[in-house]
Amino acid sequence: MVDINPKYIDKEELEGISSDISLEEIENFDKHSLNNFVELKTIIEAKEPGSPWVIVKDNKTGEREEIFDCTSMNWTLALGFAHPDVNYAVYEQMKRLTHVRSGCLTPARAKFCNKLAELAPGKLKGGRVVINNQGGGLALESAIKLAIIAGRGADHFLTFFHGYHGTSLVTTGASQPFHAVSRFSPFGTEHFTRVPQPYCYRCLWKYKNGIYGKRDPQCNLECFDLVEKYLMGMTPKKLIGVILEPFQAAGGHIPFPPEFLKKLKDICEREKIFTIYDECQTAVWRTGKYFTLTEKYEKELGIDVSPDMMMFTKAIGGGFPLGALIVSLKIKKRYTPTEEHTTFSSTPISLTAGLASIKVIEKEKFGENCETRGKQITKRLFELQEKYEVIGDIRGPGLFIGIELVKNQKSREPYTELLEEMVLEGPKQKIFLGPSMPIFSGTGQMLMRNVIKIKPPLNITEEDANFACEKFESVLKTSLNNIKKE
Ligand SMILES: Cc1ncc(COP(=O)(O)O)c(C=O)c1O
């Protein structure tokens with residue numbers, strides 16, 4: 001296979017497309033972008049291949065600097081920026097093919113689907129996979145379509161408070177609503193009923209001792225009793241599916257107790273309601289040494305909470321755009337070509353990247369590294385909690401860490417201003433920290449946005465983890481001071 005060499009344009013000119021940008025081009029972009037443009041920095045390139053450090057350019061001064069990314073760029077880059085093995089596999093793929101029409105079989109498509117079927121947990125193992133080139137939202141729409149096709153006429157779904165599943169016209173309806181701040185309304189909301197999620201740190205049943213992602217030991221899962229009513233016929237139309245993130249990510253880093261999931265699964269199996277898990281953020285070893293959170297519960301707690309369908313995006317594409325849905329073999333239906341495809345849905349590049357990234361993580365045991373580095377960071381956060389009243393809760397296994405900021409540990413009043421200050425202060429101190437999504441009232445009043453995330457790539461070193469902890473404390477301190485001054 002020949003190496004890639006340009007035919008018509010100079011190498012230098014082609015390289016210039018990605019290697020730099022002038023302040024004038026940034027200014028023009030600001031005029032032409034339909035998205036509201038609020039970013040302060042332009043992301044230029046990895047500091048080194050496969051690193052959590054990235055070189056950015058300030059949009060006003062044009063100065064370059066290095067930043068440590070604790071967000072893995074929307075929780076996606078499991079192996080850091082521009083990983084060499086992934087890029088090599090992509091380069092080889094690009095020499096052969098960059099695109100085929102939807103439905104086409106390529107070596108990468110077959111290998112990727114087979115691998116996902118091998119890695120899937122519980123009753124999904126050996127299941128059927130459908131992929132798309134866009135991500136989690138489209139994967140959820142695939143799940144919704146299949147549930148309706150297989151559901152003998154039922155087309156109603158249960159979803160949860162604070163859930164987030166995408167911004168398409170349909171997936172916004174399945175997600176936490178933003179009535180007053182979003183200027184369009186979702187399509188198809190009549191297909192969803194939303195119920196409270198089990199939020200142990202802020203229990204609706206007033207149990208006070210839910211903390212660190214664990215239930216109050218006194219609780220009797222009253223939250224499940226309520227959900228059970230809906231599963232047993234209280235929705236306005238007959239239910240065909242329940243959609244949930246087993247550990248809500250954007251909505252505030254809120255885990256569903258595994259016992260809740262088990263009860264849910266049992267009733268859904270009895271009532272012929274499909275369980276649809278969104279593991280877009282928690283899969284691909286993000287929570288430690290298992291591929292999914294569902295597998296972690298199976299191996300560590302000995303309970304099988306595996307759903308009928310599971311969606312993936314983020315790290316599944318090795319840093320390239322990819323979404324996937326896996327479905328249990330118990331569901332006999334398959335899609336016809338009319339029902340499920342997009343122009344780019346057989347994308348060989350993303351599939352190659354996804355598979356290469358999985359191979360690296362497996363070979364180098366980065367899931368284990370994720371667990372060790374996660375423990376290192378959370379241990380330090382627990383120490384900081386003793387020192388800082390504003391650290392209310394610390395949740396998450398592996399490098400899936402959310403810190404709930406509060407005005408004081410007793411009242412647990414959300415400290416939204418602090419989160420917003422920290423997210424702005426972070427880059428000034430060479431670190432990107434991630435925010436949870438805002439939760440608004442119907443009139444647009446901000447109710448809470450107070451969970452800050454530490455989710456760097458899985459392959460970070462001990463030194464990187466120490467750096468993240470040091471910076472976290474320093475950003476916290478400065479932000480508290482800044483707020484006092486205001
Ligand atoms: C849990 C979860 N599900 C679904 C989505 C939507 O995925 P996408 O943006 O790829 O459509 C996201 C995106 O952040 C997510 O976090």
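Two strands count as paired here if DSSP finds at least two bridges between them, and the strands (E, at least two residues) and helices (H or I, at least four) are DSSP runs numbered from the N terminus.

**Entry 1: ground rules.** I note that the model is predicted, that local features need pLDDT of at least 70, that side-chain atom pairs count only at pLDDT 80 or more, and that totals for chains, interfaces and linings use all residues. Residues are numbered from 1 along each chain as its sequence is written.

**Entry 2: strands S2, S3 and S15.** I looked up Asp69 and found that it stands opposite Phe432 in S15; S3 and strand S15 (residues 431-432) pair in the parallel sense over two bridges. With strand S2 (residues 53-58), strand S3 (residues 64-69) pairs in the antiparallel sense over five bridges, and there Val56 stands opposite Glu65 in S3. The hairpin of S2 and S3 has five residues between the strands, and in it Gly62 takes a positive phi near 80 degrees.

**Entry 3: the four-stranded sheet.** I then traced an open sheet of four strands, paired antiparallel in the order S13-S14-S19-S16. Its edge strands, each pairing on one side only, are strand S13 (391-395) and strand S16 (434-435). Two bridges join S16 to the antiparallel strand S19 (residues 451-454), with Lys453 in S19 as the bridge partner of Gly434. Helix H12 (residues 366-387) packs on this sheet and touches S13, strand S14 (401-405) and S19, where contact requires C-beta atoms, placed from the backbone, to lie within 7 Å. The direction of H12 makes about 165 degrees with that of S13; axes are lines fitted to C-alpha atoms, for helices over the stretch in contact, and angles run from 0 to 180 degrees between N-to-C directions.

**Entry 4: helices H5 and H11.** I found helix H5 (residues 107-119) packed on helix H11 (residues 348-363) at an angle of about 45 degrees, with the axes 9 Å apart. H5 is therefore oblique to H11, given that angles under 35 degrees count as roughly parallel, over 145 as roughly antiparallel, 65 to 115 as roughly perpendicular and the rest as oblique. Their crossing is left-handed, a term for a near helix turned anticlockwise from the far one by less than a right angle, with clockwise giving right-handed. Among the residues making the contact are Phe112 of H5 and Leu355 of H11.

**Entry 5: helices H13 and H14.** Helix H13 (residues 416-428) and helix H14 (residues 462-485) also have their axes 9 Å apart, here at an angle of about 120 degrees, which means that H13 is oblique to H14. H13 passes H14 in a right-handed crossing, and the residues that meet include Met422 in H13 and Leu476 in H14.

**Entry 6: helices H8 and H9.** The axes of helix H8 (residues 222-234) and helix H9 (residues 258-271) come within 11 Å and cross at roughly 15 degrees, so H8 is roughly parallel to H9. This crossing is right-handed. By class, the contact of H8 with H9 has eight nonpolar, no polar and three charged residues; Ala, Val, Leu, Ile, Met, Phe, Trp, Tyr, Cys and Pro count as nonpolar, Asp, Glu, Lys and Arg as charged, and the others, Gly among them, as polar.

**Entry 7: the ligand.** Finally I listed 14 residues surrounding the ligand, the closest being Gly135, Gly136, Gly137, Gly166 and Cys280, with a C-beta atom, placed from the backbone, within 6 Å as the criterion. This shell divides into four nonpolar, eight polar and two charged residues.

How values were computed
Two residues are in contact if their C-beta atoms, placed from the backbone, lie within 7 Å.
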